[in-house]
Amino acid sequence: MVDSSAQCRAVPQRPISRFGLLDDSPRQVATLAGLDPAALRKQVGGRLSAATKLADQLRVAAEPVIGSALASSVPAVRERLLRTLIHPADRRLAILDVTPVNGPVMSDRPFDLRVVFAAAALVPPRLVSVRVDWAGESFVNELRLDAAAAQAGQVDVHFDEEQTLPVGAATFTVTLFNAAGSASTFVTTSGVLPSNPFSMLLGPHQDFVTGSWSARAVRHGDAYDTGIAVTLFNGNPTAVPVRSDFHWAFWDGGVGGGSLVEQGTGSFGGPISVPAAASWGGWVTFHSPSGSGIFNKFNSREDLAVEIRMTRVDGGQVSATITARTMFRFGVNITRVANEDFTATERSDLTAAAQRCRAIYERRDLTFDFDTRWIAQHDVGGYEIINSFGEFHDLLSDWSGPGSNNNIDAFVVQGIDVGGGVDGIDGSIPGPTSHGGGDSGVIASKTGYIDSTGARRLHANYLGMLIGHELGHYLGLEHVSTAGDLMLPNSGENDINLDYGQYRTMIRHGWVRIS
Amino acid sequence: MAKQPDAGRRPQVPGGRVRASRIADRGDLPALDARERVLAILRTHDDPDAFDRLVAGDLPMVQLLALESAAFGAEPAVRYSAIAALGQRAAAPELNLLTDLARFGEDFYVRGHAVLALGRTGSYAHLAVIAASLDAEDSFERGAAAKAVAALTRHASSDAIMAHAMAIGGTELGRRVETALRESATTRADSPRQTSAEQKRA
């Protein structure tokens with residue numbers, strides 16, 4: 001019998017209260033009424049005398065766009081005035097930051113989130129809404145703001161005994177509204193630390209993910225590779241040392257109750273110390289060659305339970321389990337149209353969007369690999385901005401084809417202007433299983449913007465959903481009217497559900513194969 | 001296929017999978033309902049007739065959404081959709097706001113989308129604003145201006161547009177508009193072309 005083997009490595013951890021890759025950064029936006037000339041100069045740059053003059057002009061202006069134009073004829077200054085300041089009569093408002101109050105969120109305990117914002121006194125915020133995405137069903141917590149909170153520029157949202165969270169990650173999407181109907185949204189993720197106070201959590205690792213919190217066994221030649229992320233959460237006020245070696249076991253059926261398929265040991269190498277009120281992370285990849293027990297189980301489409309057990313230096317043990325399984329997959333070419341028009345940050349955001357898109361599909365146990373491709377600006381002609389359906393089909397005819405294997409072509413263009421509500425287009429439902437012709441692929445508008453620091457960004461959460469929506473059409477899905485579904489005609493960034501019927505439709509597409 | 005994953009299965013969660021939601025009363029905030037209604041239309045992905053569902057009473061909210069900045073935490077896709085919707089309601093308040101955004105918007109994305117919307121109105125009364133973006137620093141804004149000039153030709157002859165361009169900015173602007181018209185047109189390739197691969201298997 002051939003044995004499986006384990007490779008592992010420790011990985012750097014993100015801050016416990018800024019745990020998600022797609023979290024927003026604190027925003028550099030201020031209320032003009034609260035700034036003296038020196039602070040205004042710091043906010044928008046330039047000379048102090050100019051800032052004083054700017055402040056005087058802005059304070060008497062009405063609409064911010066016109067006010068900024070009157071205040072400065074220098075485009076860069078004008079742009080910063082609009083991007084970083086709440087003007088006196090501004091109906092816009094901005095959430096600046098969201099953080100847990102009194103330290104990290106602890107499992108099974110009530111907690112508070114502090115929402116810091118900037119808004120004009122004439123149009124104060126009136127309602128804050130927090131959507132919580134965690135291991136269970138998403139829920140919402142809302143709070144009306146009184147005059148005192150509006151004036152203070154911050155409000156604490158309380159989560160009570162019925163809204164406590166287990167150890168793991170929880171993403172908070174916070175939206176603040178005023179009476180005019182304007183809104184600002186901020187996304188942040190917290191690692192929820194154990195109150196008990198030390199625990200381990202296993203998750204899928206990178207490409208080996210499935211969304212139902214299972215690890216994915218991927219067939220590579222004559223072997224299956226299974227990647228698992230290991231996170232140790234420490235709710236103690238002091239660091240906890242842990243031995244670097246660990247024990248692993250694969251079970252058919254439940255851990256301890258089923259039959260043991262294979263087991264072994266591994267080591268993360270160096271000493272492990274989980275910092276106080278923080279986390280430590282690493283990954284383990286199991287390589288199961290043909291003939292091994294794990295290989296045989298996966299090859300017959302069986303699910304397995306994986307257990308990893310580690311030992312604290314003081315002798316206490318910590319362990320966790322996760323299901324591992326094979327799954328269906330397809331391939332996508334993510335192609336940047338007019339490559340030079342994507343900055344390094346935008347390219348990074350596009351990768352994050354593709355990963356977001358993949359995570360949406362993996363929630364329904366369907367995954368994809370993606371190749372990153374591009375068309376140079378000097379080759380792109382009029383395709384940089386698509387302004388007719390004919391032009392869209394021409395793009396596919398010209399550029400979907402040679403050398404792009406059996407992946408679905410997803411072109412990310414600079415803009416779509418075909419009239420009405422169109423920010424993505426699919427060639428046909430379902431899309432063809434061959435390249436060439438005007439229907440082989442989808443496009444999505446890049447949804448670029450400039451953030452408050454002046455950096456060019458893509459809205460990765462939205463773009464990931466949008467690409468996923470168009471890929472859904474390509475794989476055979478029509479629009480639906482079910483709330484929260486990815487295939488709503490007007491799905492937003494949080495509409496990411498796919499039901500079992502949709503899954504069954506997609507896996508019948510000719511380019512979807514068993515992993 | 002028979003033994004493939006039970007796609008509906010979800011992990012066990014300590015304390016159960018459900019937590020109580022607390023929804024605040026919005027009775028005295030009617031604008032929030034209006035916002036939801038308009039957002040449902042503006043977020044439409046692939047229906048060119050979607051904006052036909054907007055009614056006159058929705059326009060103040062569309063204007064508000066056209067002003068919301070991504071730097072403040074608004075969805076850029078919604079804003080660009082709102083800007084496009086303004087172009088389909090070519091009354092003075094909407095056209096004035098589009099003109100403001102095309103000239104003074106806080107970044108080239110906003111200006112470019114406003115320019116596209118002005119082009120889609122089909123009126124060469126906006127040619128001066130559109131043409132100003134032909135010299136923009138960023139290629140998206142320049143490309144949008146070229147496409148907007150081309151969009152005007154759906155409702156007017158190229159000669160008429162050229163004549164007005166020359167009246168605004170002399171032969172120099174006439175040449176730039178002529179170039180824009182030429183470059184915005186797409187020429188089909190003789191045979192399929194190959195995209196460049198950046199990396200294999202992300």
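Predicted model: local features only at pLDDT ≥ 70, side-chain atom pairs only at ≥ 80, totals over all residues.

Colleague: What makes strand β26 of chain A and strand β1 of chain B a pair?

Modeller: Two strands count as paired if at least two bridges are found between them. Strand β26 (residues 421-422) of chain A and strand β1 (residues 46-47) of chain B are joined over two bridges, in the antiparallel sense, and therefore they qualify as a pair.

Colleague: Why is the meeting of Asp160(A) and Arg22(B) called a salt bridge?

Modeller: The rule asks for a side-chain nitrogen of Lys or Arg within 4 Å of a carboxyl oxygen of Asp or Glu. The side chains of Asp160(A) and Arg22(B) meet at 2.6 Å, N to O, so the contact is a salt bridge. Between chain A and chain B the count is 11 salt bridges, and 48 residue pairs are in polar contact across the interface, with both residues at pLDDT 80 or more.

Colleague: Which element gives the largest share of the side of chain A that touches chain B?

Modeller: That is strand β22 (residues 366-375) of chain A, with seven residues. By class, this side of chain A has 46 nonpolar, 40 polar and 43 charged residues.

Colleague: How much area do chain A and chain B bury between them?

Modeller: They bury about 9,300 Å², with 51% of it on carbon and sulfur atoms. Ile385(A), Asp398(A) and Gly421(A) supply 6% of the area that chain A buries against chain B, more than any other three residues. The contact takes 129 residues from chain A and 89 residues from chain B.

Conventions:
Residues numbered from 1 in each chain as written. Chains lettered and ligands numbered in written order. Heavy atoms only, no water. Contact = heavy atoms within 4.5 Å. Buried area = accessible area lost by both parts, 1.4 Å probe. Polar contact = N/O pair within 3.5 Å; in protein donor to acceptor, adjacent residues only side chain to side chain. Helix = DSSP H or I, 4+ residues; strand = E, 2+ residues; numbered from the N terminus. Nonpolar A, V, L, I, M, F, W, Y, C, P; charged D, E, K, R; others polar.
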